[in-house]
Amino acid sequence: MKAVFFEKPGGLEVLQCGELSTPKPQKGEVLVRVRACGLNRLDIWLREDQDNARSIPMPHISGSDVAGIVEEINGESFLKVGQEAVLNPAIPCGACPRCKIRQACELVKIFGVKNQGGYAEYVTAPISQFYPKPNNVSFIEAAAFPLTFLTAWHMLVGRANLQKSETVFIWGASGGLGSSAVQVAKHLGARIIAAAKSEDEARRLREIGADEAVIYTKENVEIAAKSLTDGLGVDVVFESVGEKTWNITLAMLRPFGRVVIAGTTSGDMGTQDLSDIYVRQLSIFGTRMGTKEEFEKVLELVATGKLKPIIDKTFLLQEAAEAQRRMVEGKHLGKIVLEVR
Ligand SMILES: NC(=O)c1ccc[n+]([C@@H]2O[C@H](COP(=O)([O-])OP(=O)(O)OC[C@H]3O[C@@H](n4cnc5c(N)ncnc54)[C@H](OP(=O)(O)O)[C@@H]3O)[C@@H](O)[C@H]2O)c1
Ligand SMILES: [Zn+2]
């Protein structure tokens with residue numbers, strides 16, 4: 001099959017488009033012909049990080065968000081050969097204490113890391129990870145929502161319990177995860193303040209649902225967020241940027257405020273005054289993807305048009321390096337998706 005892969009970590013130049021053997025579905029797995037695969041920042045981390053080379057299969061095919069057509073089923077399934085399907089990329093272990101009580105898995109794995117992902121003509125995955133693709137959702141849209149909508153839903157609903165009456169500040173709002181958070185927060189009816197890097201991005205973020213946008217490259221974000229909330233501060237901060245934003249995140253929270261964090265795009269290290277956490281009674285929630293039930297909820301909301309993924313741009317599979325370049329250069333607003341024809 002045709003696939004885009006890398007044999008060693010490195011820059012964009014290590015991505016190759018070539019022929020690899022088509023996977024065979026093991027017992028309990030489905031073989032799906034990929035029609036579209038969404039990009040995530042994770043794909044960049046996997047390609048660049050020297051340490052990953054020891055723990056991921058090489059040559060490695062990235063890609064966690066897959067939509068396609070069922071080609072072969074090895075086991076019992078309600079899916080049928082020829083059916084259009086979408087993948088839930090969060091694979092629970094099924095055995096940890098939390099899995100046993102149907103809560104978010106402690107050891108959840110993400111599709112496309114330890115196994116081969118969707119930058120390819122075919123993928124295999126456990127039968128239970130695939131769902132029928134809603135008819136009114138295109139393959140491109142179906143590959144643009146799973147990971148980021150699941151994570152944003154789990155963050156804002158499952159962990160931070162964001163309420164309609166509350167204000168949420170969203171860092172990285174132009175990214176795949178952040179633009180999904182804007183959609184989820186809007187669906188919940190909360191007030192959204194989005195971080196933008198430019199006037200143009202601020203305008204586009206308002207178009208996709210932000211109530212206000214703060215230009216973090218020019219403005220003092222803490223002062224701006226407080227002045228937009230009558231000096232009180234925001235109820236919830238949606239974090240995925242990390243090191244560069246962490247101090248501002250805590251400073252812009254009102255007492256009893258919550259931070260929900262799923263990533264550290266700008267670096268892992270943060271310092272903080274610990275007394276501030278208890279004096280102002282703040283809560284910090286770390287999160288990784290979400291549960292099967294949350295995926296099913298998000299799928300239903302996408303199917304009924306209540307949540308709509310923001311598509312930045314599509315590329316052909318063989319243009320994957322160009323697609324990743326767009327993400328690395330931060331030119332995107334929303335999801336970048338590869339089409340597999
Ligand atoms: N825990 C989980 O389950 C989970 C799931 C999905 C994603 N993630 C993590 O979430 C993060 C975002 O992923 P993604 O796929 O959405 O990536 P993405 O599309 O590249 O979005 C990243 C965003 O971060 C913003 N950003 C980067 N550096 C910044 C800085 N110094 N200050 C302020 N904003 C900055 C950028 O906004 P501007 O362009 O406006 O600067 C960009 O839009 C990654 O760290 C990823 O690993 C975690
Ligand atoms: Zn588990």
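Two strands pair if DSSP finds at least two bridges between them. In this predicted model, β10 and β11 run parallel and are joined by four bridges. The domain assignment divides the protein into domain 1 (2-144 + 310-339) and domain 2 (149-286), and ligand 1 lies between them, because both give residues to the shell around it.

**Domains**

- The centres of domain 1 and domain 2, taken over C-alpha atoms, are separated by 28 Å.
- Nine residues from domain 1 and nine residues from domain 2 make up the contact.
- On the side of domain 1 that touches domain 2 there are four nonpolar, three polar and two charged residues.

**Ligand 1**

- The shell around ligand 1 holds 32 residues, of which Arg 41, Gly 172, Gly 175, Leu 177 and Gly 263 come nearest.
- Two or more residues of this shell come from each of α1 (41-48), α4 (146-159), α5 (176-188) and β11 (191-196).
- By class, the shell around ligand 1 has eleven nonpolar, 16 polar and five charged residues.

- Val 168 has Ile 192 of β11 as its bridge partner.
- Strand β11 also gives two or more residues to the shell around ligand 1.

**Helix α11**

- Buried residues in helix α11 (residues 320-328) are Ala 320, Ala 323 and Gln 324.
- Seen down the axis of α11, the buried residues fall within an arc of 95 degrees, so they line one face of the helix.
- An α-helix has 3.6 residues a turn, so residues three or four places apart point the same way.
- The cover over the buried residues of α11 includes β1 (2-5), α1, β16 (311-316) and β17 (335-339).
- One of these covering elements, α1, also gives two or more residues to the shell around ligand 1.
- Gly 330, which follows α11, has a positive phi, near 65 degrees.

**Lys 133**

- Lys 133 sits in the loop between β9 (130-132) and α3 (139-142).
- Lys 133 is buried, because 24 other C-beta atoms lie within 10 Å, where the cut-off for a buried residue is 20 or more.
- Not counting residues up to four places away in sequence, Lys 133 touches Ala 67, Glu 84, Ala 85, Val 86 and Ala 142.
- Thr 304 is 171 residues from Lys 133 along the chain, and their C-alpha atoms are separated by 12 Å.

Methods: Residues are numbered from 1 along each chain as its sequence is written. Chains are lettered from A and ligands numbered from 1 in the order in which they are written. This is a predicted model: local features need pLDDT of at least 70, side-chain atom pairs count only at pLDDT 80 or more; totals for chains, interfaces and linings use all residues. A residue is buried if 20 or more other C-beta atoms lie within 10 Å of its own, exposed if 12 or fewer, and partly exposed in between; C-beta atoms are placed from the backbone. Two residues are in contact if their C-beta atoms, placed from the backbone, lie within 7 Å. A residue is near a molecule or strand if its C-beta atom, placed from the backbone, lies within 6 Å of it. Ala, Val, Leu, Ile, Met, Phe, Trp, Tyr, Cys and Pro count as nonpolar, Asp, Glu, Lys and Arg as charged, and the others, Gly among them, as polar. Domain bounds come from an automatic or database domain assignment. The arc is that of the directions from the helix axis to the C-beta atoms.
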